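Subject: Structure handover

Hello,

Please find the structure below, followed by notes on what was found in it. Reply with any questions.

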Amino acid sequence: MSSGIDGGDVRVEGGGDDVSAGKKGRVCYYYDREVGNFYYGPNHPMKPHRLAMTHELVLAYGLHTQMSMFALRKATPTELAQFHTEDYVDFLGRVTPETQHEYVSLMQRFNLGEDCPVFDGLGDFVRLYSGGSIDGARRLNHGLTDVAINWSGGLHHAKKGEASGFCYVNDLVLAILELLKHHARVLYIDIDIHHGDGVEEAFYTTDRVMTVSFHKYGDMFFPGTGALGDVGANRGKRYSVNVPLRDGVDDRTFQSLFQPIMERVMEVYQPGAVVLQCGADSLGGDRLGCFSLSLDGHADCVRFMKKFRVPLLVTGGGGYTKHNVARCWAYETAAVLDAQISESIPMNAYMEYYAPEYRLGVASRWCIENANKVAYLNHVKKVVFDNLKDMEIAPSVQMHEVPPDWLVQLEPEVLKDGAATGQDLFGSGFAPPKRRRREDEREENMNNGVQHH
Ligand SMILES: [Zn+2]
């Protein structure tokens, strides 16, 4: 598989119908400048700034001219409470770094603190990234787009009544609930290096949502769930698929599982909509990860799922080496658009992050040995396929009453010039890069080998 490192255009698959004018599919994209400015705190690996970097790269590549751009809308507390408990939603909306010390027991109860700190604007942050995923789902429901992209979403660990693994509100669950208003079956796919536990848990006992997660498992790796034998329960039995992997997964290994498994899942489950969580911590060289995927290995998942032409919501997720996250999601935006983009990074506001190569594909700075032996992979594949074999084909589930769509905001605010970046959004001028925080700079200068989660 070409990594595109040696120059020339990065490989973009597709051909035939896909590239002919008008048949590429309509794509919409959600972003707001505000979302890149939130700050979890010094030494915290989650950097929302990666979202601003991604967006700048999307603009610099001119990809915004090929899709509809929407500003993130802040989801309402009522919308968040479609999944989360009201007391948790209420607390997220009012706790501040200054007041958190007054709520020791609530902080504990909602699992807020070290991994999931209370930072300035937390309430707005969760509403923004959730609004993007919910609105994306609504546009898909109403046939207004074929693919919706929200790189700020994908916070798959959040639970009904507590934060987990840097995630506070589970926008994926909220988006899936929205899709279930119009679709009998929704498929969720997770290629973040961590198990998609929050989404799996939310739909563990239903056959209306099938979850498929590919993740690192074992060695106390966070969150510790997602064993091969966890397949769902009650009506949901066989509708949770877990593909637990060892260190050092490379492109070939990953695709040798992803493609046949997803092919089969699409065939037997026949979902009306697909949600694809594209956590970029499964890339080689991630600050917290231990896989060895290249940009192409990662983006092949997007290309593969797009080929089924089922309404598709694409989100971000983890990803802790910022410059690679931005590369990955900009590249995947191009993949969704079937756009060919240049291997050399075009001038943009965060140019210095791409030094010294200023290339799209970068070799991982170190190589982790692939610990996934053939026998193990065959075993995983066999167990997964045996489960799928016993699954009812396209279960005709009873549709619950469809709630009224009065909440639907079908024409959210379109990103206007300057709205997203404080610059001529579609022009060639570049906003001065935001000053990096000194703590971040120190962290970035240190090596990335921190094992956290
Ligand atoms: Zn992750």
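In strand β8 (residues 312–315), T315 is the bridge partner of N150, a residue of strand β3 (residues 147–150). Strands here are DSSP runs of E with at least two residues, and helices are runs of H or I with at least four, both numbered from the N terminus. This is a predicted model, in which local features need pLDDT of at least 70 and side-chain atom pairs count only at pLDDT 80 or more, while totals for chains, interfaces and linings use all residues. Residues are numbered from 1 along each chain as its sequence is written.

β3 and β8 run parallel and are joined by four bridges; two strands pair if DSSP finds at least two bridges between them. β3 also runs parallel to strand β1 (residues 27–31), with three bridges, and there A148 of β3 is the bridge partner of C28.

In a regular strand, side chains alternate between the two faces of the sheet. Both faces of β3 are covered: V147 and I149 are buried on one side, A148 and N150 on the other.

Two helix pairs come next. Helix α5 (residues 122–141) packs against helix α6 (residues 171–179) at an angle of about 20°, their axes 8 Å apart. The axes are lines fitted to C-alpha atoms over the stretch in contact, and angles run from 0 to 180 degrees between N-to-C directions. α5 is therefore roughly parallel to α6 (under 35 degrees; over 145 is roughly antiparallel, 65 to 115 roughly perpendicular, the rest oblique). Residues making the contact include Y129, I134 and L140 of α5 and L172, L174 and L179 of α6 (contact means C-beta atoms, placed from the backbone, within 7 Å).

Helix α1 (residues 49–60) and helix α10 (residues 322–337) pack at about 45°, also with axes 8 Å apart, so α1 and α10 are oblique to each other. Among the residues in this contact are M53 and L57 of α1 and V325 and W329 of α10.

For the chain overall, there are 12 helices and eight strands. Buried residues make up 51% of its 453 residues. Of the contacts with a separation of 6 or more, 78% are between residues 24 or more positions apart.

Regards

Terms used
Contact = placed C-beta atoms within 7 Å. Buried ≥ 20, exposed ≤ 12 C-beta atoms within 10 Å, placed from the backbone.
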